[in-house]
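Please consult the sequence and the structure shown below while reading.

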Amino acid sequence: MIRPLLAFVAAVSLSGCAGLGASHEPRDALKIASWNLEHLAAANGQGCRPRTEADYAGLRRHVAALDADVIAFQEVQDRAAAERVFDPARYTVVMSMRPASGRGGACRGRPDLTIQHQAVGFAVRKGLRWRRHADLTALGLGDPDLRWGVDLTIDHARPIRLLAVHLKSGCPSGRSAEDPDCPILFAQASALGDWTDERGLKDEAFMVLGDWNRRVSQPGDAFLAAVDDGQPAKARLTIAAGDRSATCDPRYTAFIDHIVAGADAAVRIRPGSFEEYVYGGEAEEAPSDHCPVSVRVSG
């Protein structure tokens with residue numbers, strides 16, 4: 001059924017024009033990536049992962065080395081935080097329109113660390129044309145703490161529609177929707193499946209990318225089956241990583257950050273182009289607890 005290889009907000013459709021002063025011309029094969037930036041705050045020393053100016057500079061170096069055309073990102077406080085990492089001269093930042101819930105409090109058992117807003121978004125290389133669609137608010141299930149999906153079409157040689165997500169944590173594998181830790185995640189499957197089905201019915205090439213908080217590449221994964229029932233055919237999903245193991249953190253060998261493609265997008269993924277960007281060095285020194293993943297997609 002699933003081949004391993006791989007709402008509504010105030011504004012309905014916003015346009016992004018090709019940027020001026022781009023450092024690179026758009027390439028024939030787009031490099032599309034996803035990266036959870038682990039509680040990226042706008043100010044030094046703030047949030048659940050306090051950072052210094054040197055830390056932000058290090059993140060910018062990793063962005064340059066990743067060299068992606070489009071990056072879906074997660075766990076970013078706001079636009080100001082994103083633009084500390086994604087140079088506004090090179091990337092346009094597109095943020096979720098979900099309001100901050102106002103939830104605060106200590107995190108990681110430390111009263112000196114305060115939870116801040118976690119937003120989903122995109123960094124789009126200047127020079128690419130794109131259109132914004134309404135955020136997928138249905139992923140929020142009416143809960144102000146659940147993240148919305150951010151929905152863009154990249155108007156390259158052939159358009160591709162991209163949905164950036166950060167799904168509910170706590171149900172990483174195996175268990176069913178009835179497990180006490182899993183009902184919220186499985187409820188999000190319905191919203192995600194509706195979105196992918198609509199793309200398939202409209203013959204749109206699409207990808208869903210981000211932090212799924214789920215090891216969906218494991219054989220027979222119940223959550224992915226809940227998203228992808230095999231119909232319509234154009235909505236059938238392909239996991240870009242295939243059966244590859246994750247190497248970002250030696251404690252975890254299965255990916256939870258995924259790039260998943262519908263049928264028309266899957267055939268445009270360059271064979272062998274899936275990459276996991278690994279920082280190197282000790283895990284505790286890594287700039288984020290997630291590593292970026294990427295693919296190259298033909299125009």
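Arginine 125 counts as buried, at 1% relative accessibility, where buried means under 20% relative accessible area, exposed over 50% and partly exposed in between (1.4 Å probe, protein chains only). The model is predicted: local features need pLDDT of at least 70, side-chain atom pairs count only at pLDDT 80 or more, and totals for chains, interfaces and linings use all residues. Residues are numbered from 1 along each chain as its sequence is written, and side-chain values use heavy atoms, with hydrogens and water left out.

The partner of arginine 125 in a salt bridge is aspartate 69; the term denotes a side-chain nitrogen of Lys or Arg within 4 Å of a carboxyl oxygen of Asp or Glu. Their closest N and O atoms are 2.8 Å apart. This pair links distant parts of the chain, 56 residues apart: aspartate 69 lies in the loop between α1 (53–66) and β4 (70–76), and arginine 125 in strand β8 (residues 119–125). Helices (H or I, at least four residues) and strands (E, at least two) are DSSP runs, numbered from the N terminus. Aspartate 69 is also buried, at 0% relative accessibility.

Across the whole structure, a search finds 21 salt bridges. A network of such bridges links Asp151, Arg161, Glu198, Arg199, Lys202 and Glu204.
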